[in-house]
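I opened this notebook to record what I looked up in one model, entry by entry.

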Amino acid sequence: MKCNICNSTTFKQNFSVKKNKYWICANCNSALYYPIPSKQEIDNFYKDYITYKTGLTEYLTDSSYPAFVSNLSLTLKDLNWPFKVNDQIHLLDVGCGNGFFLQFIKESFSGIKAEGLDLSQECVNKCLENGLNVYVGDIFSYNEAKKFEFISMFHVIEHVQNPIDWIKKIYSMLSPNGEFIIETPVYGLVAESFRENWRYFMPVEHLNIFSKDAMLDTLRNNGFEIINYVTYGSGNITADMNSINKTAMDSLVKKTDLGDTLVVHAKKIKL
């Protein structure tokens, strides 16, 4: 067993989650789900992804779109709004889900030509119904010649078996000086506090969870300059605690850069 992020073979502890284990790398402090499920198990898991997630949360339902826009707008503000209304750029959203981000771009930024990719046919069908330009597949099956000025990837990298290969591929798909936004859970103090009950320990779904420093180092080591980043999230779920307490905890971890979710705005530079 080795860490898929730094290749270390030393792990300092593990947590049992629904009869599965997450192992914490002693070198980069990232979390590895091991043993990794087979490709067939993963494919079966994502076959009806919207149906599965809707049974657990409103995350992929139409009714959650206003909350998504509110949260996204706050995140983009934290990153100093990387988009301008009349930007003439070609954007790719990797792992676009049901297309909320693409819909937001379509409604808010008139000059951006946006398209998306997702492995779930169910998600792609939903996007197509809403008039969005989306395809089934991942970045390794995409047109090699096509380049993008901007690539976004929200809550995807933690789902893949070979995260470093994905970062390298994103670099190759960007035009010179192209920009990249990535959002992902990060293992750190919040996760350590919740232990096996941390909200982002999600067997089969989340395979590799970076620490904050591991993600920033990985981007820098693979040709990216960090423009800005923010962490947010105290690990508490609204339904599980008083909303005032949750707001206070969320504010605290954001101000102290200890949140369990990381969003990075990076720029491609020459290696």
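Entry 1: I looked up the second largest pocket and found a volume of about 180 Å³. I note the terms here: on a 1 Å grid over the protein atoms alone, a pocket is an open set of points with protein on both sides within 12 Å along at least five of seven lines, and lining residues have an atom within 4 Å of a point. The points are those where a 1.4 Å probe fits. Grid points are joined across faces, edges and corners, and the volume is the space filled by probe spheres set on them.

The lining of the second largest pocket has 15 residues, and Tyr187, Gly188, Leu189, Lys212 and Gly259 are the closest to its centre.

Which helix gives the most to the lining of the second largest pocket? Helix 7 does, with three residues. Helix 7 (189–194) and helix 8 (212–221) each supply at least two residues of this lining. Helices (H or I, at least four residues) and strands (E, at least two) are DSSP runs, numbered from the N terminus.

I then examined Ala191, which is in helix 7. Ala191 counts as buried at 0% relative accessibility; buried means under 20% relative accessible area, exposed over 50% and partly exposed in between, with a 1.4 Å probe and protein chains only. The C-alpha atoms of Ala191 and Gly235 are separated by 7.4 Å, although the two residues are 44 apart along the chain.

**Entry 2: basis of the values.** The model is predicted: local features need pLDDT of at least 70 and side-chain atom pairs count only at pLDDT 80 or more, whereas totals for chains, interfaces and linings use all residues. Residues are numbered from 1 along each chain as its sequence is written, and side-chain values use heavy atoms, with hydrogens and water left out.

Entry 3: I traced an open sheet of four strands in the order 1-2-3-9, with antiparallel pairing. Strand 1 (11–17) and strand 9 (208–209) are the edge strands, each pairing on one side only. Two strands pair if DSSP finds at least two bridges between them. Strands of a sheet pair through backbone hydrogen bonds, either parallel or antiparallel.

Strand 1 and strand 2 are joined over six bridges in the antiparallel sense, and Phe11 stands opposite Cys25 in strand 2. The hairpin of these strands has two residues between them, and there Lys18 takes a positive phi near 50 degrees.

How many bridges join strand 2 (residues 20–25) to strand 3 (residues 31–33)? Three do, and the two strands run antiparallel. Tyr22 has Tyr33 in strand 3 as its bridge partner. In this hairpin, with five residues between the strands, Asn29 has a positive phi near 65 degrees.

**Entry 4: aromatic contacts.** I counted 19 aromatic pairs in the structure. Rings of Phe, Tyr and Trp (its six-membered ring) pair if their centres lie within 6.5 Å; planes under 30 degrees apart are stacked, over 60 edge-to-face and the rest tilted.

Tyr22 and Phe201 are stacked, because their ring centres are 4.5 Å apart and their planes are at 20 degrees. This pair links distant parts of the chain, 179 residues apart: Tyr22 is in strand 2 and Phe201 in the loop between helix 7 and strand 9. Tyr22 is buried at a relative accessible area of 0%, and Phe201 is buried at 5%.

Trp198 and Tyr200 form an edge-to-face pair, with ring centres 5.4 Å apart and planes at 85 degrees. Trp198 is buried at 2%, as Tyr200 is at 11%. Ring pairs link Phe15, Tyr22, Tyr33, Tyr187, Trp198, Tyr200 and Phe201 into a cluster.

I also found the charged end of Lys268 over the ring of Tyr171, 4.5 Å from its centre. The criterion is NZ of Lys or CZ of Arg within 6 Å of the ring centre and within 35 degrees of the ring normal.

**Entry 5: backbone angles.** Most residues other than glycine have a negative phi, and most peptide bonds are trans. I noted that the peptide bond from Tyr34 to Pro35 is cis, with omega near 0 degrees. Pro35 lies in the loop between strand 3 and helix 1 (39–47).

Asn177 has a positive phi, near 65 degrees, and is in strand 8 (residues 174–185). Val204 has a positive phi near 75 degrees and lies in the loop between helix 7 and strand 9.
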